[in-house]
Amino acid sequence: MTIASELLTQTLLAVKAHEAQLSQRDDRPCVEQVEVEIGLMRLVVPEALEMAWQVVCEGTIAQGARLSVTEMPLSARCRLCGRTYEPSIDNYQCPQCNEADMDICAGNDIILKTVTCRLCEG
Amino acid sequence: MKINVVKSVLEASDTMARENRDRLDKAGVTAINIMSAPGSGKTTLLQKTIPVVMRSGRCAVLVGDLQTTRDAERMADLGAPVVQINTGRGCHLSPAEVARGIDYLDLSAIDFLFIENVGNMICPVAFDLGEHLRVVLLSVPEGEDKVAKYPTLFQSADAILLTKMDLAAALNYDVSCIRDDLSRINTRAPLMEVSAQAGTGFQEWLTWLAGQRRV
C-alpha cells in the first residue's frame, strides 16, 4: 500500500507538472497507463501492487489506469574479489570466489518510468 | 500523451532515511535495526544487552509494534530511554516513524540506538530507516529452513543471532543447515548462537556490538 500510494503521488505530480500541455478547453487529463520498474530486492509482488494500485487510484484522475510492471534483475559486486555479477534472489555467491559477501548495486529501486494520459471530458 | 518521468517512487522514504542517518552521524550514534519474525527474542535480547551497554556507555531504544506498549514496559526499568512506536496497521517501521521517535531522544546523550522493528521477515527488509547496521534474529523453534525461505532478510544482515539455543537439543536442531544456507546467502555476517534462558553466547554478541561503536 505504501508503494502504491507513493506511486500515485508521483504520477499525479507528473501530470500536474505537464498540466498546461495536457489540458484543452474543458477537457482535463486523466491517466491511462503507468510504467514502473521494480528491483527484485524490493520483494514486491506485481499482482499485489496492481491490486493496491487500483484501490488507491479510486476517485482520482488515475482511476482505472493500467499499471505495467517490469521486474529488474539484481546486480552485485563482490567485496572480496571485486567481480560484478548477477545473483539470484536465493543465491548470492560470487561465481569467482564462492563467497556471499557483496554489495548490492542494482535491484533495490522502484522507478516510475512513464505516465500516459488522455483527455477526459469536464 | 506519454510523460517520461524516471523518478524513484520511494524517494521520499529514502531521503528521510538519509536524513535520519545524518542526524545520528552528527551525534556520533551507532544505530542498529533489529529484525526477525515475531517472538524470536528481540526484546529479550535487548533486556539482556542494555544493562551491559549502560555500564560502559549509553543507549536508547525505539521499539515498533502494531499495538500495545508492552515491549516498552518490559524495557522501561533498564536505565535507557525507550520510545514505543505503534504502527497501527503498518507491518514495518518507516523512516518517518523513526524520525519522530528520534525527536523524543537526546542524541548527544547516547552511543547506541537500538531500533526494534515490527516482527516480520519480509517487509522491514525493503525499508532503510537510516540505521548503520542490521542485526537479524532467528530462534531455534522457527526451524532450520528460514534462511533459505527468507533469503533477502538474511542477505541484508550484518550479524545473525540464533536465539533460544537451550531448546536445540530438545528439538534435535541442526545448526549446520543454517550454516549451509548462509554459505549461499551471506558469508560476511557472523552467526552467533545465544540463549537468554541459559545465559550462553552473549559475550560473543556483546564483543561484536562493542566493536561496532562508531565514535
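Below is a short chat about a predicted model with chains A and B.

Reader: What kind of model is this, and which pLDDT limits apply?
Author: It is a predicted model: local features need pLDDT of at least 70, side-chain atom pairs count only at pLDDT 80 or more, and totals for chains, interfaces and linings use all residues. Residues are numbered from 1 along each chain as its sequence is written, with chains lettered from A and ligands numbered from 1 in the order in which they are written.

Reader: Start with helix 1 of chain B. Which residues are buried?
Author: B:Ser13, B:Met16, B:Ala17, B:Asn20 and B:Leu24. Buried means 20 or more other C-beta atoms within 10 Å of the residue's own; exposed means 12 or fewer, partly exposed is in between, and C-beta atoms are placed from the backbone.

Reader: What's on the face turned away?
Author: The exposed residues B:Thr15, B:Asp22 and B:Lys26.

Reader: And what does the buried side pack against?
Author: Strand 2 (30-35), helix 4 (95-103) and strand 5 (112-116) of chain B. Helices (H or I, at least four residues) and strands (E, at least two) are DSSP runs, numbered from the N terminus. Contact means C-beta atoms, placed from the backbone, within 7 Å.

Reader: What comes just after helix 1?
Author: B:Gly28, with a positive phi of about 70 degrees.

Reader: New topic. How many residues are in contact between the chains?
Author: 24 residues of chain B are in contact with 28 of chain A. Strand 1 of chain B supplies the largest share of chain B's side, seven residues. That side divides into 13 nonpolar, seven polar and four charged. Ala, Val, Leu, Ile, Met, Phe, Trp, Tyr, Cys and Pro count as nonpolar, Asp, Glu, Lys and Arg as charged, and the others, Gly among them, as polar.

Reader: Which residues touch the most others in the largest nonpolar core?
Author: B:Leu113, B:Ile115 and B:Leu161, in a core of 66 residues. A nonpolar core is a set of buried Ala, Val, Leu, Ile, Met, Phe, Trp, Tyr and Cys residues joined through C-beta atoms within 7 Å. Strand 3 (residues 59-65) of chain B gives the largest share, five residues.

Terms used: Two residues are in contact if their C-beta atoms, placed from the backbone, lie within 7 Å.
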